[in-house]
Amino acid sequence: MPGNKNLGTPRPKNLKNTVGRLIGYLKPYRGRMILVIAFILIQCVCNILATSLLTPLLNGLSTKDGNVQLTGIAALDRLALTDKLSYLYIMVGIIIGVYVISLSVNYALNRIMVGVSTSTIKNLRNSLFQHMQRLPIRVFDNTTHGELMTRYTNDVDTMNEFIARCIPQFISSAITILGVFTAMFILSWKLALVMVGMLAIMLLVVKVLGGKSKNNFVAQQNAVGKLNGYIEELTEGQKVVKAFNHEAIAAAEFDKINTHWQKVSGKANSYANIMGPILNNLSHFFYAGIAIIGALIAISPTTTNPLSYVGIVAAFLLYIRNITMPIQQISQQINLMFMAVAGGERVFQLLDTPVESDEGYVTLVNAIIDKDGNITETAQRTGHWAWKHPHHDGTTTYTELRGDVRFEDVTFGYEENKTVLYNVSLYAKPGQKIAFVGSTGAGKTTITNLINRFYDVPDGKIRFDGININKIKKADLRRSLGMVLQDTHLFTGTVMDNIRYGRLDATDEECVQAAKTANAHQFIKHLPDGYNTLLTRDGENLSQGQRQLIAIARAAVADPPVLILDEATSSIDTRTEWLIEKGMDALMEGRTTFVIAHRLSTVRNSDAIMVLEHGRIIERGDHDDLIAQKGKYYQLYTGMFELS
């Protein structure tokens, strides 16, 4: 199998396309997003208005011909105390009211964004999981489970942060900056132009530091994936680590991977962390600059009303906070955005991985076969199956599923220029038991992978009941096959649930009968809750032999016409092996069966034994024929040569 353990090396990321694609997931919630934008607009207007009200509050008022006019602070001296207090109460009340509206709107838009972000991430994870179910086995062979899990956890979580926090903050900051500049130009275009220059300096700092941290955030997400993959692998193999005293070696390797994460994460966050203090200090310089320049304008001979600049400068000083704060927030959100882009591209990379192609059009149907061999399709389960084969001329033919499997000059390699099988030809007649023996890497498991169409053959043909399997829909082909693997996998659920996994519409009685066929019934009924005993963590509360027996019962309940047993008895004791073989004999009755076994005693009664070496069949025949040939099988069976 290929050993490359990732889906691709990260390249420089396309910020625009990734962000655009992520925002595309918000389309189903466009109505709520419009409401969010409206609330953000109201909030920004309120904040700007509250600051703008500072000018009339400070400048005071005077009366002229009964009309209220803003003239300057000195005008307050000519008003009565009650008028001053009334004016103060009104202005403060208005400002408080504006801020209350702002807070209320902020609460509402945050509640809406929580709903939008969680719904979007739920849909994204659903898309990711559904897509994963359609990926070819090659992806899972080449990618660690921890690496895949990182896509669902760390990477998706960064995307959630982007939607929930970054998007509203970017919109709010953009509106705030635009609104503040508008208010500035209304108050004093001279001071506003000074702020434009200051803002340009601030944006330049954000661009330079943000660009330096971008690629490092990509590397950080990739490092997290490798770290999780190693943790997952070592957690599963902890018994092996301890058995061979590799704790120190494993710790050293983990430290190496963890140090790499620390290095790239440190680089990413170093630029991100210094951006805030730099912008904060720049805002202090801007604060002092506006105060000085405002004072100079006020005392300038060209200024007709110097006192009016008191309120204007005070408002501008608050505007500096209003405008630098959004920029600081944007700089902080940029870090989250870069992490989201890195995580998003990893998620989209998996989503863009081509799904398992299937151009098959021959399907498997339940059939009624009369005594003359005529086949009628039926929706009822009859225990008989047929291949439904539509033709280009509009006709449809039915072929009884008998389990006749033939390889014709099949050549195959998992990677280009690395051939695993060379011109393999073999046949299995209906009901025959065909065994494959040979050293590890000889190609035994590869043959069964090709029968299942986990991989498609580039050269040669595989025929099932005379039909090229490339014409058979993969789901229907696999429905006709039952597999028992060396590495059993049980799911969280009851024993009954795990047996029924072979055929979801099986009744309890059928599951119990399957367990009896596999000789699993005896130990199951002695479990604490019998068939209702809950299995967790891949059935860790069962022995390896018991897990294997349940896996065989799972295959038995599917009642498949063809069985594939990939070293199904290699991890169990002799007594359990005898129980399994006794059950398997009943299960294999009348079924075409392919067996891969290291224990040659389990294949003695096979109709044909194929001896493979380096991807070629070097011997074939039944047990007696191969012993008589005194070739490789003879050497293996007599112990002159051991399987590796």
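Val92 counts as partly exposed, at 35% relative accessibility; partly exposed lies between buried, under 20% relative accessible area, and exposed, over 50%, with a 1.4 Å probe and protein chains only. Val92 lies in helix α4, residues 81-133. Helices (H or I, at least four residues) and strands (E, at least two) are DSSP runs numbered from the N terminus.

This is a predicted model, in which local features need pLDDT of at least 70, side-chain atom pairs count only at pLDDT 80 or more, and totals for chains, interfaces and linings use all residues. Residues are numbered from 1 along each chain as its sequence is written, and side-chain values use heavy atoms, with hydrogens and water left out.

Together with Leu88, Tyr89, Ile96 and Val100, Val92 forms a nonpolar surface patch of about 460 Å² accessible area. Such patches take residues with over 30% relative accessible area and no salt bridge, joining nonpolar side chains (Val, Leu, Ile, Met, Phe, Trp, Tyr) within 5 Å and like charges within 9 Å. A salt bridge is a side-chain nitrogen of Lys or Arg within 4 Å of a carboxyl oxygen of Asp or Glu. Areas follow the Shrake-Rupley method with a 1.4 Å probe, and for residues only the protein chains shown count as cover.

Leaving aside residues up to four places away in sequence, Phe412 touches Thr419, Val420, Leu421, Thr446, Leu450, Tyr455, Asp456, Val457 and Pro458, contact meaning heavy atoms within 4.5 Å. The C-alpha atoms of Phe412 and Gly615 are separated by 9.1 Å, although these residues are 203 residues apart along the chain. With the same exclusion of residues up to four places away, Asn468 touches Lys461, Ile462 and Arg463.
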